[in-house]
Amino acid sequence: MCDEHTASDNDRFLASVHPSRRQFGALAGVAGLMAMIPVPANAAEIEGRDVAITTPDGTCDAYFVAPTSGKHPGVLIWPDIMGLRAAFRQMADRLARSGYAVLVVNQFYRSTKAPFLSPRESFDQPEVRARIMPWTKLLTADTEFRDAMAFTAFVDAQPEVDAKRGMATTGYCMGGPMVFRTAAINPKRIRAGATFHGGGLVSDKPDSPHLLVPKMKASYLIAIAASDDARSPTDKDVLKTAFAVAKRPAEIEVYAGTMHGWCPPDSKVYDAAQAEKAWGRMLALFQAAL
């Protein structure tokens with residue numbers, strides 16, 4: 001998950017690159033960055049809506065978007081530590097234009113409504129970390145299992161969703177472990193999972209996400225930031241072994257030159273080329289598995 005070490009790594013990276021790259025990442029602003037997200041060929045007409053989802057622990061605010069006609073495979077997106085915001089809404093819209101019914105949740109609903117950051121705030125700011133980190137204490141393996149069941153049930157109940165086809169789940173940063181737990185708690189529904197710079201997928205704790213692989217029935221894409229791999233170089237090998245032993249297909253790759261957080265288009269370390277590569281691999285996974 002994002003932490004002080006990740007923030008300092010990214011700051012050092014931004015300080016080392018050409019000023020135009022640094023200014024692009026830090027100063028261009030959310031709107032300018034998100035405008036660069038491509039529109040898929042033959043894009044479907046879509047419609048999105050804000051929704052409220054009842055869970056065992058309260059009411060989660062979320063965003064649901066789908067093509068305006070037909071029924072489509074469902075996708076549950078777990079955002080990074082900066083939560084449900086404009087960037088993730090636009091990513092959900094883009095995925096819906098490719099023919100999916102997409103739910104993006106506010107995983108911090110027990111503590112706050114989304115969005116909870118202003119456009120100029122980010123996790124690398126100490127005061128922002130001090131605000132967010134207490135909220136993470138309420139997110140345990142048990143609460144994430146409960147949330148996953150509530151969210152997948154909500155997706156299946158939407159008229160735009162084809163519940164006869166498999167469902168997918170994706171996660172960014174702290175959303176990575178949530179993807180594993182979603183796939184493990186509901187293996188009959190989750191047929192594809194994708195994590196992007198997922199944090200905490202491997203640990204020595206008894207509830208480490210990688211230990212859930214034998215419970216899954218999903219095919220996987222695990223896109224690892226180069227900076228994360230440098231800090232924990234054996235994690236990818238542990239993951240590869242876990243999937244191989246479980247005989248579950250998984251594409252596990254370190255994306256060269258990337259920093260933790262490279263995929264969301266409002267990230268200071270957004271890498272457009274590598275983000276597009278990861279997005280393309282995700283679409284290929286969904287096409288094959290769903």
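Colleague: In which strand is the place of Ala52?
Modeller: This is a predicted model. Look for the strand that covers residues 46-55. Ala52 has its place there, in strand E1.

Colleague: Is Ala52 buried or exposed?
Modeller: Its relative accessibility is 56%. Exposed means over 50%. Therefore Ala52 counts as exposed.

Colleague: Which residues is Ala52 in contact with, leaving aside its neighbours within four places in sequence?
Modeller: Start with distance along the chain: Ala52 and Ala62 are 10 residues apart in sequence, and their C-alpha atoms are 6.2 Å apart in space. For contacts, leave aside the neighbours within four places in sequence. Ala52 then touches Thr59, Cys60 and Phe154.

Colleague: Is Ala192 buried or exposed?
Modeller: Ala192 lies in strand E6, residues 190-196. Its relative accessibility is 0%. Buried means under 20%, so Ala192 counts as buried.

Colleague: What distance separates the C-alpha atoms of Ala192 and Ser219?
Modeller: Ser219 is among the contacts of Ala192, as are Ala218 and Leu285. Along the chain, Ala192 and Ser219 are 27 residues apart. Their C-alpha atoms are separated by 4.8 Å.

Colleague: How many residues has the largest nonpolar core?
Modeller: Nonpolar side chains tend to be buried together in soluble globular proteins. Here, Phe180 is one of the residues with the most contacts inside the largest nonpolar core. Phe180 touches Leu201, Val213, Tyr220 and Ile222, among others. That core has 50 residues.

Colleague: How many residues are in the second, separate core?
Modeller: This core includes Tyr172, Ala194, Tyr255 and Trp262. It is separate, and its count is 34 residues.

Conventions: Residues numbered from 1 in each chain as written. Predicted model: local features only at pLDDT ≥ 70, side-chain atom pairs only at ≥ 80, totals over all residues. Heavy atoms only, no water. Core = buried A, V, L, I, M, F, W, Y, C linked by side-chain atoms within 4.5 Å. Buried < 20%, exposed > 50% of the residue type's maximum accessible area, 1.4 Å probe, protein only. Contact = heavy atoms within 4.5 Å. Helix = DSSP H or I, 4+ residues; strand = E, 2+ residues; numbered from the N terminus.
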